[in-house]
Amino acid sequence: MARRPVVVFADTPNDPNYIRQMELIAERLPALAERDVLVITDTDPAARSEIRTKLRPRGFSLVLMDKDLRPVI
């Protein structure tokens, strides 16, 4: 079954926006699971992950993607 990725980026796991976003996501995990949402996080720009290279975020960013792995605009 395909899942809907939500990608949360930050330049560090200590970014206050990242911390707050992850708190909000944690509060809603059951609802997100019902909707087949997969949460992906990336807080290390130096690692140059494939998803970071593809989406090219700057600082804190949240990207919703469809099940075909295309960003939702």
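Leucine 69 is found in the segment after strand 3, where helices (H or I, at least four residues) and strands (E, at least two) are DSSP runs numbered from the N terminus. Phi of leucine 69 is near 65°, a positive value in a residue other than glycine. With a relative accessible area of 45%, leucine 69 is partly exposed; buried means under 20% relative accessible area, exposed over 50%, and partly exposed in between (1.4 Å probe, protein chains only).

The model is a predicted one, in which local features need pLDDT of at least 70 and side-chain atom pairs count only at pLDDT 80 or more, while totals for chains, interfaces and linings use all residues. Residues are numbered from 1 along each chain as its sequence is written, and side-chain values use heavy atoms, with hydrogens and water left out. The predictor's confidence in each residue, pLDDT, runs from 0 to 100. For the protein chain the mean pLDDT is 93, and 97% of the residues reach 70 or more. Confidence in the protein chain is highest in helix 1, at a mean of 98, and lowest in helix 3, at 93.

Charged pairs come next. Side chains of opposite charge can pair when their charged atoms come close. A salt bridge is taken here as a side-chain nitrogen of Lys or Arg within 4 Å of a carboxyl oxygen of Asp or Glu, and the whole structure holds 6 salt bridges. One of them joins glutamate 23 to arginine 20, with the closest N and O atoms 3.3 Å apart. These two residues are separated by about one helical turn, because they stand 3 residues apart in helix 1 (residues 16-27). Glutamate 23 is partly exposed at 37% relative accessibility, and arginine 20 is also partly exposed, at 41%.

A further salt bridge brings together the side chains of lysine 67 and aspartate 36 (3.9 Å, N to O). This pair links distant parts of the chain, 31 residues apart: lysine 67 belongs to the segment after strand 3, and aspartate 36 to the loop between helix 2 (29-34) and strand 2 (37-42). Lysine 67 is partly exposed, at 35% relative accessible area, whereas aspartate 36 counts as buried, at 19%. The backbone of aspartate 36 also deserves a look: its phi is near 60°, a positive value in a residue other than glycine.

Aspartate 42 and arginine 52 form another salt bridge, their closest N and O atoms being 3.1 Å apart. Here too the pair links distant parts of the chain, with aspartate 42 in strand 2 and arginine 52 in helix 3 (residues 50-55), 10 residues apart. Both partners are buried: aspartate 42 has a relative accessible area of 7% and arginine 52 one of 8%. Elsewhere, salt bridges that share partners join Asp66, Asp68 and Arg70 into one network.

Leaving aside neighbours within four places in sequence, arginine 52 is in contact with Phe9, Ala10, Asp11, Asp42, Thr43, Asp44, Pro45 and Pro57.

Apart from neighbours within four places in sequence, valine 63 is in contact with Pro5, Val6, Val7, Phe9, Leu55 and Pro71. The C-alpha atoms of valine 63 and aspartate 11 are separated by 15 Å, the two residues being 52 residues apart along the chain.

Leucine 64 is also placed in strand 3 (residues 61-64), and is partly exposed, with a relative accessible area of 45%. Together with Leu62 and Val72, Leu64 forms a nonpolar patch on the surface, with about 240 Å² of accessible area in total. Patches are made of residues with over 30% relative accessible area and no salt bridge, like charges being joined within 9 Å and nonpolar side chains (Val, Leu, Ile, Met, Phe, Trp, Tyr) within 5 Å. Accessible areas come from the Shrake-Rupley method with a 1.4 Å probe, and for residues only the protein chains shown count as cover.

Technical notes: Contact = heavy atoms within 4.5 Å.
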